[in-house]
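Good morning, and thank you for coming.

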Amino acid sequence: MNVSLILIILLIGAFATYLVGDKLASKVALFFSLAALGCSVVLTNHFLAGESISLINAWITQPKISFALNADGLAIAMLLLTVALTPIIIFSSFGNEYKNAKGFYALILFMAFAMTGTFLAADGLLYYIFWELALIPIYFIALIWGNGDSEERRKAVVKFFIYTLAGSLFMLVAFIYLYQKAGSFLIEDLYKLNLSACEQLWIFLAFFLAYAIKIPIIPFHTWQANVYQKAPTVGTMLLSGIMLKMGLYSVIRWQLPLAPLAAKEYMNIFIALGIAGVIYGSIVALRQKDLKKLLAYSSLAHVGLIAAGTYTLTIDGLRGAVLQMIAHGFVVVGLFFAAEVIFRRFETRNISEMGGIRIQSPKFTSMFLILVLASVALPSTFNFVGEFTVLYSLSQINVWFAVLGGTTIILGAYYMLKMFQHVMLGDKNAKTFADVTINEGISLVVIIAVLIFFGFYPKPITDLITPSLETILNVINKN
């Protein structure tokens, strides 16, 4: 039994969802996503018991390409994030109706398949294939089922597609160069290469372009806000909750170990770029009148801090970054879903047209407040654990990095609480806000439960990821 089973379940689920037709598509997609989650939990237990659940098979002999899946603690953590959020995202969509639902839900499962493959791949070319495959379904989800003017949506989505694809081509060139040096795409063979400082710099920059666009890190962020706004909420949750983590994960798994000399030499520059994203995202979020755009720029600020943590090259920085990736995945999905709940009732995303929800739905208001507080890293929430660890790692490099990075908490608290005040409080709105449905309540409660549980007890995750991160740090520090 190995992790390829998860890929098989998700891929079969995508085809089955499409074949059953529109009426049953959502339920079949939910079933297969839950099956993938269940099997992932079982496989994780096998891994914790000391069994190997990785896979390596020869695939193509010339060039030498292997179908290799690596299931260490870091990969398993990202696998669990993907297969946990996918059923939540699917279940949260039950309150909407979609034309060609079979295509919509099949694309969600296919995207989960590709993202899972990206996190597990241990062969450079296989990784690149999964990386590019993940782009195809989100392109169609955003283009066909998105919001707003169709022409504006098309421009935003095409820009995102071309931007991401162009950045990825540099990564492909880097992999081809590494193959010529190692005679293999296997990650363990690539780790053994002794590249010169000049070679490492070019490899580092090639990977950086691909990852900086995907995450995104400024100044490569220009696609993000418009796509988050124009995509359907399900698409936005997939992008912000899981897909951008592909870039952050890949920095740790591929970029830093393959070019450690460049990472050490230019560490301060890339930490500064991450922190610049924190400050820029927070300031721009302050000015937003559209709720989805505000949350998009808030996400930009938070992932900037995560990126800064990865480039510290310390165990605290890497561990804090991974913890914050997972925490951010849950909280941002919860926030975008809460925005969708409001849109279903008020049919607007303009913050100035909201308000007075607390009077009509105190339960929803309470849940939304918990998500807001988790987003600003209130102690006892999962986000606090990750952000505090990242800030601590930044202080080890330079105390001013920690001070500037901490603005994400200060400015975040200001614009998020201000948004909460305008959206939830005030006099009763002329529009009726029906209380949350059972489906909506379950989705929000599950997310909140995860954020609070791991806020108090993050040990299972830290124990899972720390050995893998220490191994990667050893590879980085051997040069």
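Which elements each supply at least two residues of the lining of the largest pocket? They are α2 (22-48), α3 (73-92), α15 (315-346), α21 (438-456) and α22 (459-477). Before I continue, a word on the basis of this talk. The model is predicted, so that local features need pLDDT of at least 70 and side-chain atom pairs count only at pLDDT 80 or more, while totals for chains, interfaces and linings use all residues. Residues are numbered from 1 along each chain as its sequence is written, and side-chain values use heavy atoms, with hydrogens and water left out. Helices (H or I, at least four residues) and strands (E, at least two) are DSSP runs, numbered from the N terminus.

A pocket, on a 1 Å grid over the protein atoms alone, is an open set of points where a 1.4 Å probe fits, with protein on both sides within 12 Å along at least five of seven lines; lining residues have an atom within 4 Å of a point. A volume is the space filled by probe spheres set on the points, which are joined across faces, edges and corners.

The largest pocket holds about 450 Å³ of space. Its lining has 19 residues, and L80, L81, A84, F454 and I461 lie nearest the centre. By class, 17 are nonpolar, 2 polar and none charged. Here Ala, Val, Leu, Ile, Met, Phe, Trp, Tyr, Cys and Pro count as nonpolar, Asp, Glu, Lys and Arg as charged, and the others, Gly among them, as polar.

The second largest pocket has a volume of about 280 Å³. Of its 18 lining residues, N70, A122, I187, E188 and R253 lie nearest the centre. Two or more residues come from each of β1, β2, α8 (187-191) and α22, and α22 gives the largest share, 5 residues. This lining comprises 11 nonpolar, 4 polar and 3 charged residues.

I turn now to the strands. β1 (residues 55-60) and β2 (residues 65-69) run antiparallel and are joined by 5 bridges; strands pair if DSSP finds at least two bridges between them. N57 has F67 in β2 as its bridge partner, and a hairpin of 4 residues connects β1 to β2.

Finally, a pair of helices. W131, E132 and L133 in α5 meet L135, I136 and P137 in α6, where contact means heavy atoms within 4.5 Å. By class, this contact has 5 nonpolar, no polar and 1 charged residues.
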